[in-house]
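Here are my notes for your first look at this one. Have the viewer open and go through the points in order.

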Amino acid sequence: MLVHSRKGKLATWALFLVLFLPLFALPLLVILAASFSAHWSGAFPSGFTTGHYEAATRGESLTALTTSLVTAVSASLLALAVGSWAALAAASLKNGGKRVLDTLFMLPVAVPSVVVGLAVLVAFSKPPMILNGTRWIVILAHTILVTAFAYQSVSAAIVRLDPAYEQAAASLGARPSYVLWKVKLPLLLPSLNAAAGLCFALSMGELSATMMLYPPDWLPLPVQIYAATDRGSLFTGAAVAVVLMAATLLVLFGVSRVRTRASYR
Amino acid sequence: MSSGIRFDRVSVAYGKNTVLDALDLTVEPGEVMALLGPSGSGKTTALRAVAGFVRPASGRVFIGERDVTGLPPHQRGIGMVVQQYALFPHMRVAENVAFGMKAQKVPKSEIPGRVAEALDMTGMASYARRFPRELSGGQQQRVAIARALAIRPGVLLLDEPLSALDAQLRSGMLGELARLHRELPDVSILYVTHDQVEALTLADRIAVMDKARLKDCGTPQELYRAPRTEFTASFVGNANLLPVRVGSGAVSFGATDLKVDTGDVAQGATATLCVRPHLVGLGDGPNALSGRVAEVQWRGATHRLYVDVAGERVKADLRELRTPPGIGDEVTLHFAPEDAVLLGAGVTDG
């Protein structure tokens, strides 16, 4: 405990609430309020309605939700596979090689995602690989953007993994591939899981690169929200945003449940 | 399957830092060899060279007749137990023990029987369904041993297996290990430790290591009663080492003449006289040494006296004294001529 006195604790809590509420909680609460209101002319919204949700959970909004979920799940699974593979490979490299890989995988985070989007657009609009105009270009861009996070969290977990487990397994006669599947990956499972959750959440909310790439038949939810607010349907946009938030939190909650069970093992 | 271990001039270096220098050592089939030395002496490196986790810069390692120097660890047929046990936390005890057999594709029908056998041998049969985190340190240790034995290795490598246990458990496990070895007389054991008691209790032979080199090798009795180097004498049994000048049938230590067997050490040479603290007595006697008490430690059953004699600090372990001397008192110590070993100058740095 950093603060011991009762007064000090109260003051700290007060400071926390003053900082936390306006910055983190209130904007989200405002979205929630807006999604249920018919008018908003004064300081507070008025006229309770669930009508916006009827629009937000049907038709093109529902399609957009499915699109987002499919994109996010595919991108995070791909990113997890690629990122873990690279992290495992990097761990067995000498210092120099590992640094090169670390830097390479940091690039998509360091570069603004608009630039990544543009790069993907330019790279895959000409033969031999034309992905422009297909859903694959969106999934590809998301994968590139989130792989960095998968790589980093798995890398960090590998560093923490005691090499004694691997060595004990090898001394018992297990081939390296057997050690990987039966010992290393199960021990890394909690981190893989956390990485998957992070990738999923990032992909669900990705807008800037997606804006440059999405084809008409593959319109993710953030683009839908942007489009709705852009044409002035603020309340519908708010309802769709709440749906996006709820869907993401629901999946993250499920993922974290799996994680606690994995780390308990 | 019985197979020994042979080191043939094995050197290991990390960059320019030599951590094992031309080790020549043979562990006979069925023998328990302790590698004894302080940390950084190269003993663990030697064990890891047998396991295949370090690659020798030069020299060969043999297990039985087989040259394993270039083989990856999983093809070497060894059992290994390390200090922190490294039980797989996501597997139950029985799965841990079965791991090696599954990895080596032992027929499925055989595995449960052999798991039960290995757990029986280490007294862990009733814990088969537990996870490692539900076991105490001593129990985890037994499971780690069962896991290593279940693959029926010809060679068992033990790397400081008892150092994470408290003193009482440790002496119990020492007895267990001795019993296990009696039950498995064909298994050669390489036992790395920094604890001389473990080495003296368990080993058929002890290899004493220091600064990447083998200093001495022999049976515990040989090393204890007649150490060949100063390092062995002080590391095994914490002996007093007194600088002396050799005369005929006697040596002079400061102004005192001491009667000892000078063996083949040349007259007039300087040498080191090695006397075990528990063989030093208080009071006058043959080979008397007078000095001033520098420190008194009560250790329950014994008193340890540190006495400054002619510029050297002499240790004496005495059965508990009714009236121990105080610090600064003048006392006389003695030892029997046959209890001292003279180390010639030529062998002081093995």
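1. First, a term: a residue is called buried if 20 or more other C-beta atoms lie within 10 Å of its own, exposed if 12 or fewer, and partly exposed in between, with C-beta atoms placed from the backbone. By that count, buried residues make up 34% of the 265 residues in chain A.

2. Some housekeeping. This is a predicted model, in which local features need pLDDT of at least 70 and side-chain atom pairs count only at pLDDT 80 or more, while totals for chains, interfaces and linings use all residues. Residues are numbered from 1 along each chain as its sequence is written, and chains are lettered from A and ligands numbered from 1 in the order in which they are written.

3. Staying with chain A, you'll find 11 helices and two strands; here helices (H or I, at least four residues) and strands (E, at least two) are DSSP runs, numbered from the N terminus. Their order from the N terminus is α-β-β-α-α-α-α-α-α-α-α-α-α. The C-alpha trace of chain A spans about 70 × 70 × 30 Å along its principal axes. Count two residues as in contact if their C-beta atoms, placed from the backbone, lie within 7 Å. Then, of the contacts in chain A between residues at least 6 apart in sequence, 71% join residues at least 24 apart.

4. Chain B comes in two parts: domain 1 (5-227) and domain 2 (238-347), with bounds from an automatic or database domain assignment. The centres of domain 1 of chain B and domain 2 of chain B, taken over C-alpha atoms, are 38 Å apart.

5. Where do the chains meet? 17 residues of chain B are in contact with 17 residues of chain A. On the chain B side, β6 (78-81) and α2 (93-103) of chain B are the elements that give two or more residues, and α2(B) gives the most, with three residues.

6. Now find helix α4 (residues 137-150) of chain B. Its 14 residues reach 20 Å from first C-alpha to last, close to the 20 Å expected at 1.5 Å a residue (that is, 1.5 Å times one less than the number of residues). 12 of the 14 residues of α4(B) are buried, so it is largely enclosed by the rest of the structure. The cover over its buried residues includes β6, α2, α3 (111-121), β7 (155-159) and α5 (167-183) of chain B. After α4(B) comes B:Arg152, with a positive phi near 50°.

7. Strand β9 (residues 205-210) of chain B is mostly covered too, with five of its six residues buried. Two strands pair if DSSP finds at least two bridges between them. Strand β3 (residues 32-36) of chain B pairs with β9(B) in the parallel sense over four bridges, while β9(B) and strand β10 (residues 213-218) of chain B pair in the antiparallel sense over five bridges. Look at B:Ala207: B:Leu35 stands opposite this residue, and its bridge partner in β10(B) is B:Cys217. β9(B) and β10(B) form a hairpin with two residues between them, and B:Lys211 in the turn has a positive phi of about 50°.

8. Last, an open sheet of five strands in chain B has the order β15-β19-β16-β17-β18, with antiparallel pairing. Its edge strands are β15 (281-282) and β18 (312-319) of chain B, each pairing on one side only.
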